[in-house]
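Work through the exercises below with the sequence and the model in view. Each task is followed by a solution in steps.

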Amino acid sequence: MPRLLVVLAFAVVAVDVFAIVDVILTDRRRVRALPKVLWLLVILLLPVIGVVLWFMLGKARSGSAGRTRTLAPDDDPDFLRNMRLKEEQDERIRRLEQELADLDDDDKTN
């Protein structure tokens, strides 16, 4: 029986240390519900419950936060908007160059 308690205590300490290191190394943008310092206090004051709460509530899933989904250029609204603006700017430059060429031709014919 005492051996089981020692193993159980060691397991709780190991999981707590893992959770504390995980809180410290987790990016601030992925931490939910409480600030990191408070999560550390919860884990230290409530060893088993604090760890469960941290992994269930405190840390955002890797797929849902921090990273943005990569879009193909034809699906990205910002890319498409920039392409439209660039096309409009290119067209405006072509018109101005044509107007300048026409003005230059008018000067040569006179």
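Predicted model: local features only at pLDDT ≥ 70, side-chain atom pairs only at ≥ 80, totals over all residues.

Residues are numbered from 1 along each chain as its sequence is written, and side-chain values use heavy atoms, with hydrogens and water left out.

**Exercise 1.** Find which parts of the chain the salt bridge of Asp 22 and Lys 59 links, and state whether each residue is buried or exposed.

Solution. 
- A salt bridge is a side-chain nitrogen of Lys or Arg within 4 Å of a carboxyl oxygen of Asp or Glu.
- Between Asp 22 and Lys 59 the N to O distance is 3.0 Å.
- Asp 22 lies in helix 1 (residues 2-25), and Lys 59 in the loop between helix 3 (47-58) and helix 4, so distant parts of the chain, 37 residues apart, are linked.
- Helices here are DSSP runs (H or I, at least four residues), numbered from the N terminus.
- Buried means under 20% relative accessible area, exposed over 50%, and partly exposed in between (1.4 Å probe, protein chains only).
- Asp 22, at 14%, is buried, and Lys 59, at 18%, is buried too.

**Exercise 2.** Describe the salt bridge between Glu 91 and Arg 94.

Solution. 
- The two side chains meet at 2.5 Å, N to O.
- Both residues belong to helix 4; because they are three residues apart, about one helical turn separates them.
- Glu 91 is partly exposed at 33%, and Arg 94 is partly exposed at 47%.

Key. Helix = DSSP H or I, 4+ residues; strand = E, 2+ residues; numbered from the N terminus.
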